[in-house]
Amino acid sequence: MRQMPLNITLRNEASFDSFVAEAESLAMVLYQLQMAIIRQQGGAWYFYGPEGAGKTHLLQAACRFAQQWERRCVYLDLEDEEVRNFPDLLKGLEEMEVLCLDAVDAVLSESSWQDRLGQVLLQAQTLGHMVLLSGQQPMGDWPLQSEVLADALATVVPVSVMPLLERESIMLAVQRHGQVRGLQLPKSVISYLIRVFSEDLEAVLLALQRIEQVSLIEKRRITLPFVKRVLSHQEPVV
């Protein structure tokens, strides 16, 4: 059988420090999750919500946090076509102290994947290891075909994750992402980005990545005039 290497990289800005949780219940879950990683406690969580809510960020943040504490961790994006074609890729991954499986919705239509997911959840539970899942559908809406997966889900804790709604929360998230990147973002710049992109955090962060790249190339501070020029694709002022 063809083998596929696990060549998965984590986003530089994906950390718990750069994540903003508006809901107190979510903030508490994330605290408990970090404590469980530190104490090497097992468990399984399913983070679900609409696209753009930050689920990938959370799973990658958990994997990075686990690595910082020298825990064995693997992150897989199940929407990746090369990953999706290999349900046997999960074989042996229950040995990871923290296993993060992103976008499980992408494989739930296949019974082979459902069986593998159920097996890895049950085996990880036996070993006292942690499994983190993410997807858009609540678990109650999953098209279950596998009794193994149905049994395994009894121990999985569902956690709702929703996009940020409050302007202040979005501003804080942008500020934290900037800090993780080593950027000092004036409040005027953050406000402008949010206004331009209609408070779409993902769009703001993509723009921030572009701004950072141009800032490094041109060796310029990030100011409001600079940001306006970059976003309008104007030539640099000499």
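In which strand does Val 157 lie? The legends below take up this residue and several other parts of the structure.

The structure is a predicted model, in which local features need pLDDT of at least 70 and side-chain atom pairs count only at pLDDT 80 or more, while totals for chains, interfaces and linings use all residues. Residues are numbered from 1 along each chain as its sequence is written, and side-chain values use heavy atoms, with hydrogens and water left out.

View 1. Val 157 lies in strand S5, where strands (E, at least two residues) and helices (H or I, at least four residues) are DSSP runs numbered from the N terminus. With a relative accessible area of 39%, Val 157 is partly exposed, a class that falls between buried (under 20% relative accessible area) and exposed (over 50%), as found with a 1.4 Å probe on protein chains only. When its neighbours within four places in sequence are left aside, Val 157 is in contact with Ala 44, Trp 45 and Tyr 46, contact meaning heavy atoms within 4.5 Å. From C-alpha to C-alpha, Val 157 and Pro 225 are 47 Å apart in space, and they are 68 residues apart in sequence.

**View 2. The open sheet.** Strands of a sheet pair through backbone hydrogen bonds, either parallel or antiparallel. Here 5 strands form an open sheet in the order S2-S3-S4-S1-S5, and the pairing is parallel; two strands pair if DSSP finds at least two bridges between them. Strand S2 (73–77) and strand S5 (156–160) are the edge strands, each of which pairs on one side only. From one strand to the next, the twist averages 15°, where axes are lines fitted to C-alpha atoms (for helices over the stretch in contact) and angles run from 0 to 180 degrees between N-to-C directions. Strand S1 (residues 43–48) and strand S4 (residues 130–135) run parallel and are joined by 6 bridges, and Trp 45 has Leu 132 in S4 as its bridge partner.

View 3. In S3, 5 of its 5 residues are buried, so the strand is described as mostly covered. S2 and S3 run parallel and are joined by 5 bridges, with Val 98 in S3 as the bridge partner of Cys 73. S3 also pairs with S4 in the parallel sense, over 4 bridges, and here Val 98 stands opposite Met 130. Helix H1 (residues 24–38) lies across S1, S3, S4 and S5, running at about 145° to S1, and helix H4 (residues 111–127) lies across S1, S3, S4 and S5, running at about 145° to S4.

**View 4. The disulfide of Cys 63 and Cys 73.** Cys 63 and Cys 73 form a disulfide with their sulfur atoms 2.4 Å apart, and the rule applied is that a disulfide is a pair of cysteine sulfur atoms within 2.5 Å. The torsion about the S-S bond is about -135°, so this disulfide is left-handed. Because Cys 63 lies in helix H2 (residues 55–68) and Cys 73 in strand S2, the pair ties together parts that are 10 residues apart in sequence. Both cysteines count as buried, Cys 63 at 2% relative accessibility and Cys 73 at 14%. Cys 100 is in no disulfide, and the nearest cysteine sulfur, that of Cys 73, is 4.3 Å away.

**View 5. Helices H8 and H9.** Helix H8 (residues 201–218) packs with helix H9 (residues 224–231) at an angle of about 110°, their axes lying 10 Å apart. That makes H8 roughly perpendicular to H9, since angles of 65 to 115 degrees count as roughly perpendicular, under 35 as roughly parallel, over 145 as roughly antiparallel and the rest as oblique. Residues of H8 that include Ile 211 and Val 214 meet residues of H9 that include Phe 226 and Val 230.

**View 6. His 177 in helix H6.** His 177 is found in helix H6 (residues 167–180) and is buried, with a relative accessible area of 4%. Apart from its neighbours within four places in sequence, His 177 is in contact with Glu 13, Ser 18, His 57, Leu 205 and Leu 208.
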